[in-house]
Amino acid sequence: MVPEAADVLRMMLQTTVFAAARSRSHGPTAAQWHAVELHRPTAEIDGACELTVCGTLARVAPDQTWPLPSTDVCPVCAVLAP
Ligand SMILES: [Zn+2]
């Protein structure tokens, strides 16, 4: 699918916005906050599972904004989405 020129222009004008997403804990690995690159309004991805910057799936928390002051933040996302 080829995006229309107007869409391409809109994408170019957009600055990258990150949302915070909470991963599930896997056994000994505690749940962490990840960054998700946003291409849609946060309202549209409320509670949706999105691919995070570090490549895992996490549930977007629209009431949280990235970066988080929390300590349990994914170190990979913290580097890739400052
Ligand atoms: Zn991450």
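This is a predicted model: local features need pLDDT of at least 70, side-chain atom pairs count only at pLDDT 80 or more; totals for chains, interfaces and linings use all residues.
I placed Val 73 in the loop between S4 and H2. I then checked its C-alpha atom against that of Ala 21, and the two are separated by 9.9 Å. Along the chain, Val 73 and Ala 21 are 52 residues apart.

**Entry: overall layout**

I counted 2 helices and 4 strands in the protein. Read along the sequence, I get the pattern α-β-β-β-β-α. The protein has 82 residues, and 28% of them count as buried.

**Entry: the zinc ion**

Which residues are the protein donors of the zinc ion? I list His 34 through ND1, and Cys 54, Cys 74 and Cys 77 each through SG. These donors lie 2.0 to 2.4 Å from the zinc ion.

I looked at the angles next. The 4 donor atoms subtend angles of 100 to 119° around the zinc ion, which makes the arrangement tetrahedral. For reference, the ideal angle for four tetrahedral donors is 109.5 degrees.

Along the chain, the donors of the zinc ion follow the spacing H-x19-C-x19-C-x2-C. His 34 sits in strand S2 (residues 33–38), and Cys 54 in the loop between strand S3 (49–51) and strand S4 (57–65), so this pair ties together parts that are 20 residues apart in sequence.

**Entry: the donors one by one**

His 34 is buried, at a relative accessible area of 5%. Cys 54 is partly exposed, at 26%. Cys 77 counts as buried, with 0% relative accessibility.

Which side chain makes a polar contact with that of His 34? I found Ser 23, with a polar contact of 3.3 Å between the two side chains.

Cys 77 lies in helix H2. I took the C-alpha separation of Cys 77 and Thr 52 and noted 7.8 Å. Cys 77 and Thr 52 are 25 residues apart along the chain.

**Entry: a nonpolar patch**

I looked for nonpolar surface and noted a patch of about 280 Å². Val 76, Val 79 and Leu 80 make this patch. Leu 80 is found in helix H2, which covers residues 75–80.

**Entry: the salt bridge**

How many salt bridges does the structure hold? I found 1. Asp 72 forms a salt bridge with Arg 22, and the closest N and O atoms are 2.8 Å apart. The pair links distant parts of the chain, with Asp 72 in the loop between S4 and H2 and Arg 22 in strand S1 (residues 17–22), 50 residues apart.

I checked the accessibility of both partners. Asp 72 counts as partly exposed at 25% relative accessibility. Arg 22 is also partly exposed, and its relative accessible area is 30%.

**Entry: the cis peptide bond**

Which residues does a cis peptide bond join? I found Trp 66 and Pro 67, with omega about 0°. Pro 67 lies in the loop between S4 and H2.

I followed Trp 66 to Glu 37. Their C-alpha atoms are separated by 9.9 Å, and the two residues are 29 residues apart along the chain. Glu 37 is found in strand S2, the strand that also holds His 34. Glu 37 is partly exposed, with a relative accessible area of 38%.

**Entry: Thr 65**

Where is Thr 65 placed? I found Thr 65 in strand S4. Is Thr 65 buried or exposed? Thr 65 counts as exposed, at 57% relative accessibility.

Technical notes:
Residues are numbered from 1 along each chain as its sequence is written. Side-chain values use heavy atoms; hydrogens and water are left out. Donors are N, O and S atoms within 2.8 Å of the metal (3.2 Å for Na, K and Ca); water is not among the atoms, so sites may look incomplete. Four donors count as tetrahedral if all angles lie between 85 and 135 degrees; four count as square planar and six as octahedral if opposite donors are over 155 degrees apart and all others between 65 and 115; anything else is irregular. Buried means under 20% relative accessible area, exposed over 50%, partly exposed in between (1.4 Å probe, protein chains only). Patches are made of residues with over 30% relative accessible area and no salt bridge: like charges are joined within 9 Å, nonpolar side chains (Val, Leu, Ile, Met, Phe, Trp, Tyr) within 5 Å. Accessible areas come from the Shrake-Rupley method with a 1.4 Å probe; for residues, only the protein chains shown count as cover. A salt bridge is a side-chain nitrogen of Lys or Arg within 4 Å of a carboxyl oxygen of Asp or Glu. A polar contact is a pair of N or O atoms within 3.5 Å; within protein, one must be able to donate a hydrogen and the other to accept it, and residues adjacent in sequence count only if both atoms are side-chain atoms.
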